[in-house]
Each structure stands twice: as C-alpha cells, then as structure tokens.
Amino acid sequence: MKQPIDVACGFLGGTILSTEGGYRVLQHPRPGRVFSRIADARWFLAVNWCDRHPAPAGILNHQGQLSFHNQAAFAVGEEAFMPMQHRRAIFDCCLSLQSGESFTYVIQPNTGQVCQHLEVLGVDIDSRYGRVAVVRALESALVPV
C-alpha cells in the first residue's frame, strides 16, 4: 500500500515530502530516511547545497559564525572565504531578501589582492533560530593596482 503525500516542497534545489512519521528528502542517499522535523530536512538540504559546490560555501548564522562550511572553504580557510569584518553586513543583507532571492556581496581587498564575489541567499531553516545566510563564492578577479 502506498503512503499518501500530504505536502511536497522544494528547498535549495531539493525536494521534501511529508510522510507518515515525518519528512523525507528525495536527494538523501538513504531513500528510507525520515526526518522527524521539517527543519532537520531543510538543514540536510542546506548542507547538501554547500557540499555540491566546488567553490567555497557555507551557512552563516546571526552570530557571525559559519555553522557549516564545505571542503573548499575549509581548504582556503574560514577567514579567507568570508572575513570576519564582512560577516555582519552579509547577514544583515540577507534579512531583507524574499524566498528564492539572492544578492552578490563583493569583498574589495587591498590593492593588488583578489576581489571576491559571494552569492548570498537568506533562508529560514528552523523557525526557532531565525534566518541564516547560505553563501558561496562566485568568482575571483584581480583588483586593478
């Protein structure tokens, strides 16, 4: 007997289905895995979004901490990926975004260094903790001397 689907929604390139006892994520490597809360399914998809990008990516919380970052961000270092002095501005910008909207944040370093462009999405993973910024590096270009 097939289980009825009450709710199906997309989130960061994935699909969450409500099932008996919780929520399933179609992209989960274990198809039978059921999350008890939709926030847990969203968290899985946010981490998956970061992991599938070859460029540095991470999840920035309201305290200016990276709750998660992918291997590429680890390789370059948290501070090189997203300098501490820019994190508040990045997070504040994500607060005004609508669902599905993104913006590009540009980090202008000192002369002769690399300029970094970050794509930022404001997402609501868990209503208990508020919005987070899901961020990935887009490109780097040399700033003119």
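This is a predicted model: local features need pLDDT of at least 70, side-chain atom pairs count only at pLDDT 80 or more; totals for chains, interfaces and linings use all residues.

Residues are numbered from 1 along each chain as its sequence is written, and side-chain values use heavy atoms, with hydrogens and water left out.

**Sheet and helix**

- Three strands form an open sheet in the order S1-S2-S3, with antiparallel pairing; strands (E, at least two residues) and helices (H or I, at least four) are DSSP runs numbered from the N terminus, and two strands pair if DSSP finds at least two bridges between them.
- Strand S1 (8–11) and strand S3 (22–25) are the edge strands, each pairing on one side only.
- From one strand to the next, the twist averages 30 degrees.
- Four bridges join S1 and strand S2 (residues 14–19) in the antiparallel sense.
- Cys9 stands opposite Ile16 in S2.
- Helix H1 (residues 38–51) lies across S1, S2 and S3 and runs at about 160 degrees to S2; axes are lines fitted to C-alpha atoms, for helices over the stretch in contact (heavy atoms within 4.5 Å), and angles run from 0 to 180 degrees between N-to-C directions.

**Asn70**

- Asn70 sits in the loop between strand S5 (66–69) and helix H2 (71–76).
- Leaving aside residues up to four places away in sequence, Asn70 touches residues including Cys50, Asp51 and His53.
- A polar atom of the Asn70 side chain lies 2.9 Å from the backbone oxygen of Ala55.
- Between Asn70 and Ala57 there is a C-alpha to C-alpha distance of 5.7 Å, although they are 13 residues apart in sequence.

How values were computed. A polar contact is a pair of N or O atoms within 3.5 Å; within protein, one must be able to donate a hydrogen and the other to accept it, and residues adjacent in sequence count only if both atoms are side-chain atoms.
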